[in-house]
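Have the structure open as you read.

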Amino acid sequence: MALVLAESAAMSKATSPIAVVLEVTAKRSFASATDWPGWTRSGRTPEAALETLAAYANRYRAVATTAGLTLPKVADVESFAVIEEIEGDATTSFGAPSKVAAVECQAVTAKDADRVAKLLDAAWAVLDQVVASAQAELRKGPRGGGRDRDALFEHVLGAEQAFAGKLGVRARQPSRDDPAGIQAMREALLAIIREDRTGQPARAGGWPPRYGARRLAWHALDHAWEMQDRSS
């Protein structure tokens, strides 16, 4: 399958294919829908990543609905338009999207920044719903590995505390039994994303807010879906 790079500036969200960024290495690739933070999936090849992204459309639809938005219908990979392809790194090969896309460094309007924040908040809401409904002991992997529910949630919270620093937010990792602490950390992160207008990191070596939202939402949903898949 040929991958065609589309011009993002010419796209209308209402009528055009869904804009996607590819992050590519020889071992693994990630496909991310740039206007839908958290809708990111991987595959051994760019084509496989796009196919998996399409397969997860209905699962991501719950995030869009929670945010009060309507996800376009996705039939197959023809629903996507690749607007950028980035060379990945060791983190990509290991299993996490780690490269910032050019579109994530552009100036944004207040409306678009708020939309990104709403989708990240919705991803967290989906995670919280899954944690509340999943059984404590999850089915193990083929070799007996994998964290159980509470350990997975603690892992997500720890990652979010580390990601917060990349966005210029100083936060302590809250316990999974501290909903007020969790909400306070999330609100601090959402404020950074909502206030973004330049698309530039808040500090040297940090992340652009839009990329931070994508990474946060991807990590929350990746483990939420893992919990669902590993529940008996």
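Helices (H or I, at least four residues) and strands (E, at least two) are DSSP runs, numbered from the N terminus. With that settled, Ala-188 lies in helix 6. We're looking at a predicted model, where local features need pLDDT of at least 70 and side-chain atom pairs count only at pLDDT 80 or more, while totals for chains, interfaces and linings use all residues. Residues are numbered from 1 along each chain as its sequence is written, and side-chain values use heavy atoms, with hydrogens and water left out.

**Cores**

Start with the inside. A nonpolar core here is a set of buried Ala, Val, Leu, Ile, Met, Phe, Trp, Tyr and Cys residues joined through side-chain atoms within 4.5 Å. Buried means under 20% relative accessible area, exposed means over 50%, and partly exposed is in between (1.4 Å probe, protein chains only). In soluble globular proteins, nonpolar side chains tend to be buried together.

The largest nonpolar core has 60 residues, and those touching the most other members are Trp-36, Trp-39, Tyr-60 and Phe-80. Helix 4 (residues 110–133) gives the most to this core, namely eleven residues. Apart from it lies another core, of six residues, including Ala-19, Val-21, Ile-83 and Ile-86.

Tyr-60 is worth a click. Contact means heavy atoms within 4.5 Å, and, leaving aside neighbours within four places in sequence, Tyr-60 is in contact with Trp-36, Pro-37, Gly-38, Trp-39, Leu-71, Leu-119, Leu-221 and Trp-225.

Now for the gaps. On a 1 Å grid over the protein atoms alone, a cavity is a set of points where a 1.4 Å probe fits but cannot get out; a pocket is an open set with protein on both sides within 12 Å along at least five of seven lines, and lining residues have an atom within 4 Å of a point. Grid points are joined across faces, edges and corners, and a volume is the space filled by probe spheres set on the points. For the lining classes, Ala, Val, Leu, Ile, Met, Phe, Trp, Tyr, Cys and Pro count as nonpolar, Asp, Glu, Lys and Arg as charged, and the others, Gly among them, as polar.

| Space | Volume | Lining by class |
|---|---|---|
| Second largest pocket | about 330 Å³ | five nonpolar, six polar, five charged residues |
| Largest cavity | about 40 Å³ | five nonpolar, no polar, three charged residues |
| Second largest cavity | about 30 Å³ | two nonpolar, one polar, three charged residues |

The second largest pocket has a volume of about 330 Å³. Of the 16 residues lining that pocket, Phe-94, Gly-95, Ala-96, Trp-218 and Asp-222 are the closest to its centre. Strand 3 (40–43), helix 3 (90–94), helix 5 (149–166) and helix 7 (209–229) each supply at least two residues of the lining, with the largest share, five residues, coming from helix 7.

How many cavities of 30 Å³ or more turn up in a search of the whole structure? There are two. Val-108, Asp-112, Ala-113, Val-116, Ile-193, Asp-196, Pro-209 and Arg-210 line the largest cavity. Helix 4 and helix 7 are the elements that give two or more residues to that lining, and the largest share, three residues, is from helix 4. The second largest cavity is lined by Thr-34, Pro-37, Glu-104, Val-116, Arg-210 and Arg-214.

**Single residues**

Back to Phe-94, which is found in helix 3. Phe-94 counts as exposed because its relative accessible area is 73%. Its C-alpha atom is separated by 8.6 Å from that of Lys-27, 67 residues apart along the chain.

Thr-25 is in the loop between strand 1 (18–24) and strand 2 (29–33). Is Thr-25 buried or exposed? Thr-25 is at 16% relative accessibility, so it counts as buried. Its side chain makes a polar contact (a pair of N or O atoms within 3.5 Å; within protein, one must be able to donate a hydrogen and the other to accept it, and residues adjacent in sequence count only if both atoms are side-chain atoms) with the side chain of Ser-93, at 3.1 Å. Setting aside neighbours within four places in sequence, Thr-25 is in contact with Gly-88, Asp-89, Thr-92 and Ser-93.

Thr-198 sits in the loop between helix 6 (179–195) and helix 7, and counts as partly exposed at 48% relative accessibility. The Thr-198 side chain reaches the backbone nitrogen of Gln-200 at 3.1 Å.
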